[in-house]
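Here is a short briefing on one protein chain. Keep the sequence and the 3D view side by side as you read.

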Amino acid sequence: MKSKIVSINELKLIIKSLKKKNKKIILCHGVFDLLHLGHINHFQKAKKNGDILVVSVTQDKYVNKGPGRPTFNEKNRLDALASLSVIDYVVLNNARTSVSIIKEVKPHIYCKGPDYKDHKNDITSEIKNEINAIKKVKGKIIYTSGKTFSSSNLINNSTFLSNSNNSVKNIRKKYSFSEIKSKVNLIGKLKILVIGETIIDNYVFCEALGKSGKEPVLALRKRKSETYLGGAAAIAGHLSTFNNNLKLLTMIGDKNDRLKTIKEMLPKNVKLEYFKKKNSPTIYKRRFVDDVSKNKLLGVYDLNDEILNKNNEKMFIKKLKKNLPNFDLVIVTDYGHGFISSQAAKLICKNSNFFSLNAQINAANIGYHTMQKYKNIDCLIINENE
């Protein structure tokens with residue numbers, strides 16, 4: 001089984017030798033996260049078109065199918081495929097798409113499943129590039145037939161909560177996938193302004209050693225630390241994956257402002273406009289997490305929840321008046337850290353073409369944070385405790 005798993009360089013030498021013996025090479029490519037009957041049927045029908053079946057596999061880092069994916073890492077996926085007698089060689093692709101592996105292997109046949117025959121069903125639009133690549137190496141594309149299965153559907157149906165599945169089913173009844181895709185594409189054309197506090201989230205993953213020998217406290221050993229942009233910056237980052245007309249209007253601190261970190265971590269297609277809050281740090285939230293259970297153990301926050309002083313407020317209002325009329329969608333994330341005053345909220349509500357509010361309760365603002373300063377909200381997302 002191990003001899004079937006080869007590197008791209010090894011595979012090129014093998015293919016060169018096989019072609020000299022007039023062997024016909026077939027290539028299949030995919031993630032193959034959950035090996036199922038549909039895959040096996042696909043491989044069997046693909047093999048009938050030639051002599052040697054090569055299957056290339058997408059690397060873990062290029063799998064973009066949702067949180068927790070791939071379910072099985074690339075080593076396990078390679079081993080599973082190599083165990084099938086119908087497959088002759090398995091190779092890990094070193095690029096995001098199959099175009100490069102087609103150019104490297106130069107197969108006689110590139111084989112795709114029946115669901116790719118209608119190119120409109122390919123949400124990545126990569127099928128056109130794959131067809132061009134196989135033509136350039138003087139090969140041809142063939143589509144197998146038969147009942148199709150989906151690893152993603154099988155995994156999602158087994159992991160989603162029942163109420164989530166019901167929500168998805170209701171959406172499917174009302175909208176086709178093409179309708180949903182077209183609406184997402186329309187969002188990509190909107191001019192979007194995100195307003196809110198930028199938060200830097202630091203997670204320290206620890207191993208619990210037990211109670212300290214001197215004090216009644218839990219002793220931890222640090223394993224690793226990860227830092228992410230949070231707050232409004234996180235929302236802007238998510239939106240940037242499908243929208244390029246995006247601006248983040250935010251507040252950082254004048255003490256330990258962490259501006260360099262923010263600029264390095266913020267996607268390049270997000271325009272950043274900010275001001276510095278007087279006598280404040282940039283909000284920094286450190287959580288200590290048990291590395292085994294992933295449960296949060298303790299949070300230590302560096303912040304100043306006081307409302308903006310007059311100069312800061314004046315600066316913020318000026319920026320709002322300048323920006324609000326120029327955007328189709330305004331998204332406000334109010335975490336209750338003294339950034340958005342009643343005056344600023346009133347201005348946002350009055351001058352936004354479409355106003356979406358995300359209001360969050362957290363440990364620092366329970367009992368003080370309120371949404372009552374906002375009116376005429378087009379879309380509201382709240383924490384359940386709100």
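Which residues are linked in a network of salt bridges? They are Glu207, Arg221, Arg223, Asp291 and Lys294. Bear in mind that this is a predicted model.

**Salt bridges**

- The chain has a count of 14 salt bridges.
- One of them joins the side chains of Asp60 and Arg77, at 2.6 Å from N to O. Asp60 sits in the loop between E3 and H3, Arg77 sits in helix H3, and the two are 17 residues apart.
- Asp60 counts as partly exposed because its relative accessibility is 24%. Arg77 has 2%, so Arg77 counts as buried.
- Lys319 and Glu273 also meet in a salt bridge, at 3.2 Å from N to O. Lys319 is in helix H11 and Glu273 is in strand E10 (residues 270-281), so this pair ties together parts that are 46 residues apart in sequence. Both partners are buried.
- Lys373 forms a salt bridge with Asp334, and their closest N and O atoms are 3.2 Å apart. This pair links distant parts of the chain: Lys373 is in the loop between E14 and strand E15 (379-382), while Asp334 is in strand E13, 39 residues away.
- Lys373 is partly exposed, because its relative accessibility is 23%. Asp334 is buried, because its value is 2%.

**Nonpolar cores**

- The largest nonpolar core holds 25 residues. Ile195, Phe316, Leu320, Val332, Ile340 and Ile348 have the most contacts inside it.
- Two or more residues of this core come from each of E7, E9, helix H11 (310-323), strand E13 (329-334), helix H12 (342-351) and strand E14 (355-359). H12 gives the most, with five residues.
- Take Leu320 as an example: beyond residues up to four places away in sequence, Leu320 touches Ile195, Leu249, Pro325, Ala344, Leu347 and Ile348.
- A second, separate core has 22 residues, including Ile262, Val270, Tyr284 and Tyr335.

**Helix H3**

- H3 spans residues 74-82, and its residues Arg77, Leu78, Asp79, Leu81 and Ala82 are buried.
- The cover over these buried residues includes strand E1 (5-6), helix H2 (37-47), strand E3 (52-57) and strand E4 (89-92).
- At the start of H3, a side-chain oxygen of Asn73 comes within 3.2 Å of the backbone nitrogen of Lys75.

**Two buried residues**

- Ile199 belongs to strand E7 (residues 192-211). Ile199 is buried, because its relative accessible area is 3%.
- Ile199 and Tyr335 are 136 residues apart in sequence, yet their C-alpha atoms are 9.7 Å apart in space. Tyr335 is among the contacts of Ile199, as are Tyr228, Leu229 and Ile283.
- Asn243 lies in the loop between helix H9 (232-239) and strand E9 (246-255). Asn243 counts as buried, because its relative accessibility is 1%.
- The Asn243 side chain reaches the backbone oxygen of Gly188 at 3.2 Å. Contacts of Asn243 also include Ile187, Lys189, Leu190 and Asn269.

**Surface patch**

- Ile171, Tyr175, Ile180, Val184, Ile187 and Phe242 make a nonpolar surface patch of about 470 Å². Helix H8 (residues 177-187) supplies the largest share, three residues.
- Tyr175 is in the loop between helix H7 (162-174) and H8. Tyr175 counts as partly exposed, because its relative accessibility is 37%.

Note on methods
Residues are numbered from 1 along each chain as its sequence is written. This is a predicted model: local features need pLDDT of at least 70, side-chain atom pairs count only at pLDDT 80 or more; totals for chains, interfaces and linings use all residues. Side-chain values use heavy atoms; hydrogens and water are left out. Patches are made of residues with over 30% relative accessible area and no salt bridge: like charges are joined within 9 Å, nonpolar side chains (Val, Leu, Ile, Met, Phe, Trp, Tyr) within 5 Å. Accessible areas come from the Shrake-Rupley method with a 1.4 Å probe; for residues, only the protein chains shown count as cover. A salt bridge is a side-chain nitrogen of Lys or Arg within 4 Å of a carboxyl oxygen of Asp or Glu. Helices (H or I, at least four residues) and strands (E, at least two) are DSSP runs, numbered from the N terminus. Buried means under 20% relative accessible area, exposed over 50%, partly exposed in between (1.4 Å probe, protein chains only). A polar contact is a pair of N or O atoms within 3.5 Å; within protein, one must be able to donate a hydrogen and the other to accept it, and residues adjacent in sequence count only if both atoms are side-chain atoms. Contact means heavy atoms within 4.5 Å. A nonpolar core is a set of buried Ala, Val, Leu, Ile, Met, Phe, Trp, Tyr and Cys residues joined through side-chain atoms within 4.5 Å.
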